Amino acid sequence: NVNAQNAGLYNLAGTAGMMAMSDPRLKSNVVRVGTHRLGIGVYEYDIFGKRQRGVMADEVEAVMPEAVALHPSGYKMVNYGMIN
């Protein structure tokens with residue numbers, strides 16, 4: 001069920017407008033678990049020692065570039081408030 005899958009995504013994001021590191025280079029053990037309403041993948045992955053659910057910045061950037069920003073570290077972040 002896509003709504004249930006996306007609910008986990010939005011719970012992870014928390015409040016609207018939260019920027020989250022979503023650069024694929026930071027993620028490991030990536031498994032696609034669904035499809036976001038934008039037509040991009042929803043994934044479960046390990047990042048910073050935790051298992052999380054979300055999207056890949058490069059995929060978001062392809063369909064909604066305004067929702068992606070570059071962190072000073074050089075990694076891409078997604079504004080989850082803009083894609084929900």
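Visitor: Why is Asp23 called buried?
Guide: Asp23 has 3% relative accessibility. Buried means under 20% relative accessible area, exposed means over 50%, and partly exposed lies in between (1.4 Å probe, protein chains only). Asp23 is therefore buried, because 3% is under 20%.

Visitor: What kind of model is this, and how are residues numbered?
Guide: This is a predicted model, in which local features need pLDDT of at least 70 and side-chain atom pairs count only at pLDDT 80 or more, while totals for chains, interfaces and linings use all residues. Residues are numbered from 1 along each chain as its sequence is written, and side-chain values use heavy atoms, with hydrogens and water left out.

Visitor: What makes Arg25 and Asp23 a salt bridge?
Guide: Their side chains meet at 2.8 Å, N to O. A salt bridge needs a side-chain nitrogen of Lys or Arg within 4 Å of a carboxyl oxygen of Asp or Glu. The pair therefore qualifies, because 2.8 Å is within 4 Å.

Visitor: Is Arg25 buried or exposed?
Guide: Arg25 is exposed. Its relative accessible area is 57%, and the cut-off is over 50%.

Visitor: How many salt bridges does that rule give?
Guide: The count is 4. Another one of them joins Asp46 and Arg51, at 3.3 Å from N to O. Asp46 is partly exposed at 22%, and Arg51 is partly exposed at 41%.

Visitor: Where do Asp46 and Arg51 stand in the strands?
Guide: Asp46 stands opposite Arg51 in β4. Strands β3 (residues 41-47) and β4 (residues 50-54) pair in the antiparallel sense.

Visitor: How do you know that β3 and β4 pair?
Guide: They share 5 bridges. Two strands pair if DSSP finds at least two bridges between them. So β3 and β4 pass. Their hairpin has 2 residues between the strands, and Phe48 there takes a positive phi near 55°.

Visitor: What makes a run of residues a helix or a strand?
Guide: Both are DSSP runs, numbered from the N terminus: a helix is H or I over at least four residues, and a strand is E over at least two. The protein has 3 helices and 6 strands.

Visitor: Why are β1 and β5 called edge strands?
Guide: Three strands form an open, antiparallel sheet in the order β1-β6-β5. The strands β1 (19-21) and β5 (68-70) each pair on one side only. Between β5 and β6 there are 3 bridges, and Val68 has Val78 as its bridge partner in β6.

Visitor: What makes a nonpolar core?
Guide: A nonpolar core is a set of buried Ala, Val, Leu, Ile, Met, Phe, Trp, Tyr and Cys residues joined through side-chain atoms within 4.5 Å. The largest one here has 16 residues, and Val55, Val60, Val78, Tyr80 and Ile83 touch the most other members. Its largest share, 3 residues, comes from β3.
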